[in-house]
Amino acid sequence: MIQLLKKTKDVILFYRFLRFRKGFGVHSPFAFNLITNVIDERCAYYAYDRIEIVRRQLLQMGAPLGTTGMSIGRATARYGIRKSHGQLLFRLANYFKPKQIVQVGTGMGLSTLYLTGYSAHVQCISLEEDPARAEWACWCLERMGKRHVRVERGDYESLLPKALAQFETVDFLFFNAPERATELYGMFEKCVGHIQPDTVLVVEGLRASRAMRDFWERVKAHPATVLTFDLYHVGLVFFNKKMYRKDYIVYF
């Protein structure tokens, strides 16, 4: 029985590997360009090395992170965005050129560096409920000279409406708080009133929990959602009504 389950899992993973890989079978020009020029792109951008230097500096720090009993290095390994996911964030931002970004869940700040790395002038409000992580996120931003990025500290649900109100519309949204999965859909609905046709939503941690999978299914079913890309751990959402409604599963 165990061997059968393992074989079934292998078949599913193999299917995911083939489905829409390298843009095969994709008829939408927008989706094809996104897959081939952004998701599958492997160019080494100038910002990657600079951000990874900051990551290495954090990983080497043995001082405690606030009162958590966890070192800064260990917290970075746990809460810092994966290198491949961070680089995807950079490519997405570099491709769509957002001017106004709202992030829910700063982590240790590495995701924010990737998200804003394409431009020195992009405006970004990043929300973080853990004060110790927010402090080190600010440290990361200072190291990279990010003067147009603000880290707001406090409860996500109370901070998000204030952050959204500061922008007439939001070009890019990044949900990086899988531990708050049960509240994320309510936050998503608050964001819907501030999106425009070219707004991009990125969701981190699709498979982190059952609650995150349920959240993702509800987002896909929302009337405002038009096009989605399931990259297994990362989800992309687009809202342009001129596109055909479709859900892609893409190997990443």
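## Basis of the description

The model examined here is predicted.

## Helices α8 and α9

Helix α8, spanning residues 156-165, packs on helix α9, spanning residues 181-192, at an angle of about 15°, and their axes lie 10 Å apart. The two helices α8 and α9 are therefore roughly parallel to each other. The crossing in which α8 passes α9 is right-handed.

On the α8 side, the contact is made by Tyr-156, Glu-157, Leu-160, Pro-161 and Leu-164, while α9 contributes Glu-183, Met-187, Lys-190 and Cys-191. By residue class, this contact of α8 with α9 comprises six nonpolar and three charged residues, with no polar ones.

## Helices α3 and α7

An angle of about 140° is found between helix α3 (residues 46-59) and helix α7 (residues 131-143), which pack with their axes 11 Å apart. Helices α3 and α7 are therefore oblique to each other. As α3 passes α7, the crossing is right-handed.

Val-54, Gln-57 and Leu-58 of α3 meet Trp-136, Trp-139, Cys-140 and Arg-143 of α7 in this contact. The residues of the contact of α3 with α7 divide into five nonpolar, one polar and one charged.

Technical notes
Residues are numbered from 1 along each chain as its sequence is written. This is a predicted model: local features need pLDDT of at least 70, side-chain atom pairs count only at pLDDT 80 or more; totals for chains, interfaces and linings use all residues. Side-chain values use heavy atoms; hydrogens and water are left out. Axes are lines fitted to C-alpha atoms, for helices over the stretch in contact, and angles run from 0 to 180 degrees between N-to-C directions. Helices (H or I, at least four residues) and strands (E, at least two) are DSSP runs, numbered from the N terminus. Angles under 35 degrees count as roughly parallel, over 145 as roughly antiparallel, 65 to 115 as roughly perpendicular and the rest as oblique. A crossing is left-handed if the near helix is turned anticlockwise from the far one by less than a right angle, and right-handed if clockwise. Contact means heavy atoms within 4.5 Å. Ala, Val, Leu, Ile, Met, Phe, Trp, Tyr, Cys and Pro count as nonpolar, Asp, Glu, Lys and Arg as charged, and the others, Gly among them, as polar.
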